[in-house]
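Read it alongside the coordinates.

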Amino acid sequence: MLEGKNVLIGMTGGIAAYKTGELIRECVRRGADVKAIMTDHAREFMTPMTVQTLSRNPVFSDMFSLIKDYDIAHISLAEYADIVVIAPATANVIGKIASGIADDLLTTVIMATRAPVLICPAMNMHMYENPIVQENMARLAALGYHFVEPGYGELACKVTGPGRLAEVPEIMEAIETTMTEKDLAGERILVTAGPTREPFDPVRFISNHSSGKMGYALAAMARRRGAQVTLVSGPSALAQPVGIRFIAVSTAVEMWDAVMANLERTTVVIKAAAVADYRPAEVAPNKIKKKEGPLTIKLVRNPDIISEIGKRKGNRILVGFAMESENLVENAKGKLLAKKMDMIIANDLTQEGAGFQTDTNIIKILDRDGRVEELPIMDKGDVANRILDRIRDMRATRKR
């Protein structure tokens, strides 16, 4: 998402400036060109040499300096930026921007730029809760400025409360979201992810190797693109995605209940979860002790969630997944038609770089018109966007 983009980081005077170094590194790692503006107060907390080393670009502070070919700094930088990120943003700079004051390089660039501006507040909790600061932020938000809410915790002034600069992953997610076209605005997307666990005693269960990475990527990318997203997830070690309605479940029956309870409000369902087809017929009340001879557990079928959605589909777009170890396309086509899906994502778990636990995937996208689109190995975030592109195009076709 940031490959080839120009990110302008504005640093103001606060102890949280140390986090901005890591933010710059992460932007560069994701392929962005990064330039930084440091206010005089920011230079008290971080050295320009450190910021220049991390950004691989000169650091700017003087409003009247020439950059090249007689370009004035504040105009050149304002036009350079695809996004401006102020981190940390003090109460002072927030107040100046809200009042239209442009008395240094950073605030002048803010007044001159047409790029989106993302403000990351960091300050003492009492300053943050001051009604003047809150009013300034509300005013800027109403004007189209974007904010990353500060975190809650122990502050440099030894009090505990809101005011910590948000963590770098949160700011990066906000940058990506701000820069993403909202081509799925108006869609209400329900995504299922992860495995289910089917217990046969209080200690043990039947499950599979799903990590939830594909479903979580789909949920995160759909939210970035403007959709309202509900994520129904089986047990997963992944962090809960920001800005998404999250429902945690464990068993297939719990996932059935959660999906059916939320189906009416959705326009798109993406069933990426690896739901157990069977569950133990009985769950022992106590741990089953080891003894001589084999242990037999009788299994019964779990409800088929996607088949039931297919029966109730209406005008919804229904997307399923098929993970196979043989006859990939044939098996996927059979599921697509039998369960009334609009699209199915097929992958072969025997291929290196596909399947469970990986950060990449290799998929084929099949639809009801008989088309089969084969994609090369790619990051699951990129895979998610390719799937969402097809959903967007399918919705546009239906509207026409």
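The points below cover an aromatic pair, charges over rings, and a cavity.

This is a predicted model. It holds one aromatic pair. It also holds one cavity of 30 Å³ or more.

**Aromatic pair**
- Tyr 216 and Phe 246 make up the pair, and their geometry is edge-to-face.
- The ring centres are 6.4 Å apart, with 65° between the planes.
- The planes count as edge-to-face because the cut-off for that class is over 60 degrees.
- Tyr 216 belongs to helix α9 (residues 213–224), while Phe 246 belongs to strand β13 (residues 245–248).
- The two residues are 30 apart in sequence, so the pair ties together separate parts of the chain.
- Tyr 216 is buried, at 8% relative accessible area.
- Phe 246 is partly exposed, at 26%.

**Charges over rings**
- Lys 35 places its charged end over the ring of Tyr 80, 4.4 Å from the ring centre.
- Arg 301 lies over the face of Tyr 278, and the distance to the ring centre is 5.8 Å.

**Cavity**
- The largest cavity has a volume of about 30 Å³.
- Its lining includes Leu 328, Ile 362, Ile 363 and Leu 375.
- By class, the lining has five nonpolar, two polar and three charged residues.
- Strand β18 (residues 343–348) gives the most to this lining, with three residues.

How values were computed: Residues are numbered from 1 along each chain as its sequence is written. This is a predicted model: local features need pLDDT of at least 70, side-chain atom pairs count only at pLDDT 80 or more; totals for chains, interfaces and linings use all residues. Side-chain values use heavy atoms; hydrogens and water are left out. Rings of Phe, Tyr and Trp (its six-membered ring) pair if their centres lie within 6.5 Å; planes under 30 degrees apart count as stacked, over 60 as edge-to-face and the rest as tilted. Helices (H or I, at least four residues) and strands (E, at least two) are DSSP runs, numbered from the N terminus. Buried means under 20% relative accessible area, exposed over 50%, partly exposed in between (1.4 Å probe, protein chains only). A charge sits over a ring if NZ of Lys or CZ of Arg is within 6 Å of the ring centre and within 35 degrees of the ring normal. On a 1 Å grid over the protein atoms alone, a cavity is a set of points where a 1.4 Å probe fits but cannot get out, and a pocket is an open set with protein on both sides within 12 Å along at least five of seven lines; lining residues have an atom within 4 Å of a point. Grid points are joined across faces, edges and corners, and a volume is the space filled by probe spheres set on the points. Ala, Val, Leu, Ile, Met, Phe, Trp, Tyr, Cys and Pro count as nonpolar, Asp, Glu, Lys and Arg as charged, and the others, Gly among them, as polar.
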